[in-house]
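Here's a quick briefing to keep open beside the model. Have a look at the structure first, then we'll go through it topic by topic.

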Amino acid sequence: MAVLASIARFNKDEEIYREGRRADAVFNIITGVVKAYRIAPDGSERITAFLFPGDVFGLSEEGKYTNAAKAITPLAAYRFPVSALRSRLAKDADLEFHVICKLIHELRETQRHALLLARRGALSRVVMFLQLLENLQAGRGERTVEIYLPMKRSDIGEYLGMSLEAVSRAFRTLTSRGIIKSRDRRHLKITDRNTFDEIAGDTASAS
């Protein structure tokens, strides 16, 4: 795979590709975090997934990207031209299977997103989101003493279908109740695991 790829670098908040543009490459994140999103009719972003090191992204349909992607931190990623990748995959069934499994991750993120949006309570949504980040960290073999939040609160709101004010209020509530403790805006610790897990499982929690 390495012989097919070049390394692409993007600055924080730099667009990687737009929804509906010709899909000429697939990306595999080396370092950094990406948000995948769609543009709503009112021009706002509807974030569908956050993608981390090791994730592959660039799903397409009829040769066009199905969503847009933007770096939310400085990003380095392997860039695989679709034409070269398609030619290589046609000759290597094992590699084809590996790439398909990686791309399915993007679909799984969409399913997780739908589950989060099905929650009625704002507090439950935020706790489930933190739980998701913690699980992703563990899956990458990273320490989970703290949860890392590289995205802005407004991005979290777009992902959860909540206003920035509602997201901020939920974080304040969790902090005041001693459920989480923040070191800064990018790192927090779960300090009351039992209550945290109870809220995550409460489909009607609103505060």
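Let's start with a strand pairing: S3 and strand S6 (residues 56–57) run antiparallel and are joined by 2 bridges. Keep in mind that this is a predicted model. From that pairing we'll move on to the cores, a second sheet, a charged network and a few other salt bridges.

- Is strand S3 enclosed or open? With 5 of its 7 residues (the strand covers residues 25–31) buried, it is largely enclosed by the rest of the structure.

**The nonpolar cores**

- The largest nonpolar core has 35 residues, and the members touching the most others are Leu130, Leu149, Met151, Phe171 and Leu174.
- Several elements each supply at least two residues to this core: strand S5 (45–51), helix H3 (122–139), helix H4 (153–160), helix H5 (164–176), strand S13 (187–190) and helix H6 (193–200).
- Which of them gives the most? That's H3, with 9 residues.

**Helix H3**

- H3 is mostly covered, with 13 of its 18 residues buried.
- Its length checks out: at 1.5 Å a residue, 18 residues should span 26 Å, and the end C-alpha atoms are 26 Å apart, which agrees.
- After H3 comes Gly141, which has a positive phi, near 80°.

**The three-stranded sheet**

- 3 strands make up an open, antiparallel sheet, in the order S11-S13-S12.
- The edges are strand S11 (147–148) and strand S12 (180–184), each of which pairs on one side only.
- S11 and S13 run antiparallel and are joined by 2 bridges.
- Tyr148 finds its bridge partner in S13, namely His187.

**Glu45, Lys35 and the charged network**

- Lys35, Glu45, Lys70 and Asp155 are linked in a network of salt bridges.
- Glu45 belongs to strand S5, and it counts as buried because its relative accessibility is 18%, below the 20% cut-off.
- Which side chains does Glu45 make polar contacts with? One is that of Lys35, at 2.8 Å, and another is that of Lys70, at 3.3 Å.
- Setting aside residues up to four places away in sequence, Glu45 touches Lys35, Tyr37, Arg38, Ile39, Lys70 and Glu158.
- Asp155 and Lys35 meet through their side chains in a salt bridge, 3.0 Å from N to O.
- That pair links distant parts of the chain, as Asp155 is in helix H4 and Lys35 in strand S4 (residues 34–39), 120 residues apart.
- Both Asp155 and Lys35 are buried.
- Elsewhere in S5 you'll find Thr48, which is buried too, with a relative accessible area of 16%.
- Thr48 and Tyr37 are 11 residues apart in sequence, and their C-alpha atoms are 5.2 Å apart in space.

**Other salt bridges**

- The model has 11 salt bridges by the rule used here.
- Arg183 forms one with Glu146, with 2.9 Å between the closest N and O atoms.
- Arg183 lies in strand S12 and Glu146 in the loop between H3 and S11, so the pair ties together parts that are 37 residues apart in sequence.
- Arg183 is exposed, at 53% relative accessible area, whereas Glu146 counts as partly exposed at 23%.
- Asp197 and Arg193 form another, with 3.9 Å from N to O.
- Both of these residues, Asp197 and Arg193, lie in helix H6, 4 residues apart, or about one turn of the helix.
- An α-helix has 3.6 residues a turn, so residues three or four places apart point the same way.
- Asp197 is partly exposed at 36% relative accessibility, and Arg193 is partly exposed with a relative accessible area of 36%.

Conventions. Residues are numbered from 1 along each chain as its sequence is written. This is a predicted model: local features need pLDDT of at least 70, side-chain atom pairs count only at pLDDT 80 or more; totals for chains, interfaces and linings use all residues. Side-chain values use heavy atoms; hydrogens and water are left out. A nonpolar core is a set of buried Ala, Val, Leu, Ile, Met, Phe, Trp, Tyr and Cys residues joined through side-chain atoms within 4.5 Å. Buried means under 20% relative accessible area, exposed over 50%, partly exposed in between (1.4 Å probe, protein chains only). A polar contact is a pair of N or O atoms within 3.5 Å; within protein, one must be able to donate a hydrogen and the other to accept it, and residues adjacent in sequence count only if both atoms are side-chain atoms. Contact means heavy atoms within 4.5 Å. Two strands pair if DSSP finds at least two bridges between them. The expected span of a helix is 1.5 Å times one less than its number of residues. A salt bridge is a side-chain nitrogen of Lys or Arg within 4 Å of a carboxyl oxygen of Asp or Glu.
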